[in-house]
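Please read the following report alongside the sequence and the coordinates.

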Amino acid sequence: MGVSLPRCHCVSRPAFLPVFTCGEKQLTCSSPRHSLRVLHISSSSPRLVPLLLTWFLPTSCPSPVENPVWVPCLPVPRLFSSSTVPPAPSPSDPLLTQQLPGKMNLEEYFKRIGLHGSFEKLDLATLKLIHKQHVMSVPFENLSVHCGERITMDLEVIFNKIVRRGRGGWCLENNYLFGWVLREMGYDTTTLGSRVFNSILKDFGPLESHLINKIVIDGKTYIADVSFGVSSQLWEPLELVSGKDQPQAAGVFRLIENGDFWVLEKTGRKPEVPNPDFAKSSLVNRKETKQIYGFTLVPREADNFFESNHTLQTDPTSLFTNKSICSLQTPTGFRALIGWTYSEVTYKPEEGVDVLDMRDITDDEIEQILRERFNLKLQNKLKPASNKSWYTL
C-alpha cells in the first residue's frame with residue numbers, strides 16, 4: 001500500500017536521496033518539480049532498498065517534511081533526462097535492485113539493439129551509432145497486420161512489442177519509439193510528419209503517414225529515420241541542408257528544399273538479379289534516382305498520426321494490407337521478405353551495382369526464415385500477402 005507525501009526534502013543537485021521510514025510500506029514522495037517514487041523499506045535489514053527512482057534537479061524545494069532519512073545515491077547520469085525512469089543499475093550496487101516490471105527504460109532498449117554502457121556525450125557520433133544499431137537490429141515490418149493483431153500508437157505497448165518481445169514495427173512504431181529514446185537521453189528532438197511519394201501516381205500521398213524525427217545538435221539540424229526499410233533505409237541521420245549529397249551504403253541521399261516543403265530523394269545503383277525468374281519482377285527498382293517522401297518542419301504530436309495508423313492497417317487499398325513486409329538491414333545490404341519472396345541484397349558500390357538474390361519460399365519455410373534471418377518469432381500465425389500494389393526493394 002502506498003503512502004502519499006505532499007512534499008519531499010532535498011537540496012540542489014543532491015548527492016543523497018531523501019527516504020521516509022514507515023515500517024514495511026512502500027512510500028511515494030512527490031512535488032510539482034521532482035519526485036522519488038516507490039521505495040521498499042525492509043524491516044529485516046537496516047539498509048533501505050530503492051526499487052524505482054525518478055528525480056529532478058530543482059534549485060529549491062518548498063516546505064520540507066520532518067525527519068527525512070538520507071541515503072547515498074549515484075550522481076544523475078546525463079544519459080537520462082529528468083522525466084525518465086533510469087534503467088536497473090548493476091546488481092553489484094548494494095543499494096539498488098532491479099526495476100519494477102512494466103516501466104520503459106533505456107537500458108533495455110540499448111540491450112535490444114546490441115549496445116551496452118552509458119552514452120554521456122549527446123553528440124552526432126552517439127546519434128549515428130544508435131541510429132545504425134537500431135536499423136541493424138530492429139526490422140521494419142508490418143506483420144501484425146497479417147497476424148490478426150492491431151497496431152497501436154501507445155508507447156508502452158510499442159516498447160513491450162519491440163524491446164521486450166523482440167519484434168519490429170513500421171515507422172509509427174519504430175520512429176515513435178526512437179524519438180522517445182532520444183528525448184530520454186536529452187537530445188533536442190522534434191517529431192515531424194511526412195508524405196510518402198507514390199511512384200504510380202507520381203505524387204506525394206495525401207496523409208502524413210510517415211513519422212520521422214528532427215534533432216538539433218550544436219546548432220545543426222538532422223533528420224533521423226530508422227523505419228523506412230529496404231534500399232530506402234537511412235543508416236545514419238541526414239543533415240538538413242538543401243541539395244547536399246550525403247553518401248551512405250544504399251546510395252547517395254539528399255534533401256531538397258522547396259519553399260517550406262522538404263523532399264528526401266536517393267540516387268542508387270543498377271540492380272543485378274542473378275535469378276532469371278525475377279529479372280522482370282515488379283519488386284526490383286530500376287529508377288536511378290527516386291523521391292522517397294516529403295515533409296515540413298512543423299512539429300507534430302502523436303495524435304497527428306492516429307488516422308494514418310488506422311487507415312494503413314484497415315484500408316483495402318493500403319500497401320500494408322496488400323503486402324506483408326519484413327526488412328532488416330545488414331552490414332552488406334539488407335534482407336527482405338515480401339509476401340513469399342525472400343531477398344538478400346548485397347551493396348557493391350565499387351562495381352556500381354546492387355545484387356538482388358531473390359527466391360520464393362513456401363508457407364512451411366516462413367517461420368524458419370523469420371527466426372533465422374530476421375530474429376523474429378511471431379505469437380500468432382502469419383498469413384503472407386503479396387497482392388498487386390506499388391512497392392520495390
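## A buried arginine and its partner

R269 is buried, its relative accessible area being 18%, where buried means under 20% relative accessible area, exposed means over 50%, and partly exposed covers what is in between (1.4 Å probe, protein chains only). This is a predicted model, in which local features need pLDDT of at least 70 and side-chain atom pairs count only at pLDDT 80 or more, while totals for chains, interfaces and linings use all residues. Residues are numbered from 1 along each chain as its sequence is written, and side-chain values use heavy atoms, with hydrogens and water left out.

R269 forms a salt bridge with D354, and the closest N and O atoms of the pair are 2.7 Å apart; the term stands for a side-chain nitrogen of Lys or Arg within 4 Å of a carboxyl oxygen of Asp or Glu. Because D354 lies in strand β21 (residues 353–360) and R269 in the loop between β15 (261–267) and β16 (270–272), the pair ties together parts that are 85 residues apart in sequence. Helices (H or I, at least four residues) and strands (E, at least two) are DSSP runs, numbered from the N terminus. D354 also counts as buried, at 8% relative accessibility.

## Other salt bridges

Side chains of opposite charge can pair when their charged atoms come close. By the rule given above, the count comes to 12 salt bridges. One of them joins E108 and R164, whose closest N and O atoms are 2.7 Å apart; since E108 lies in helix α1 (residues 106–112) and R164 in helix α3 (residues 155–164), this pair ties together parts that are 56 residues apart in sequence. Both ends are assigned to the intermediate class of accessibility, with E108 partly exposed at 28% and R164 partly exposed at 32%.

A further salt bridge brings together the side chains of R167 and E149, at 3.4 Å from N to O. R167 is in the loop between α3 and α4 (171–185), whereas E149 is in the loop between β7 (140–141) and α3, so that the pair links distant parts of the chain, 18 residues apart. R167 and E149 are both buried, and together with E141 they are linked in a network of salt bridges.

K161 lies in helix α3 and counts as buried, at 6% relative accessibility. Leaving aside neighbours within four places in sequence, K161 is in contact (heavy atoms within 4.5 Å) with S144, I151, G166, R167, G168 and E173. R167 in this list is the residue whose side chain meets E149 in a salt bridge.

## Positive phi angles

Which residues other than glycine have a positive phi, near 50° or near 55°? D218 has a phi near 50°; D218 lies in the loop between β10 (210–217) and β11 (220–224) and is exposed, with a relative accessible area of 78%. N375 has a phi near 55°; N375 is placed in the segment after α7 (363–374) and is exposed as well, with a relative accessible area of 63%.

## Overall make-up and nonpolar cores

The protein chain has 7 helices and 21 strands, and buried residues make up 53% of its 393 residues. Of the contacts in the protein chain with a separation of 6 or more, 61% are between residues 24 or more positions apart.

A nonpolar core is a set of buried Ala, Val, Leu, Ile, Met, Phe, Trp, Tyr and Cys residues joined through side-chain atoms within 4.5 Å. The largest one holds 75 residues, of which Y109, F110, M185, F295 and L393 touch the most other members; α4 gives the most to this core, with 9 residues. Leaving aside neighbours within four places in sequence, L393 is in contact with V230, S231, L283, F334, A336, I338, S343, L356 and M358.

## Surface

The protein chain exposes about 19,000 Å², and carbon and sulfur atoms supply 52% of that area; accessible areas come from the Shrake-Rupley method with a 1.4 Å probe, and for residues only the protein chains shown count as cover.

I200, L201 and W390 make a nonpolar surface patch of about 340 Å². Patches are made of residues with over 30% relative accessible area and no salt bridge, like charges being joined within 9 Å and nonpolar side chains (Val, Leu, Ile, Met, Phe, Trp, Tyr) within 5 Å. L201 is placed in the loop between β8 (188–198) and β9 (203–204) and counts as exposed, at 64% relative accessibility.
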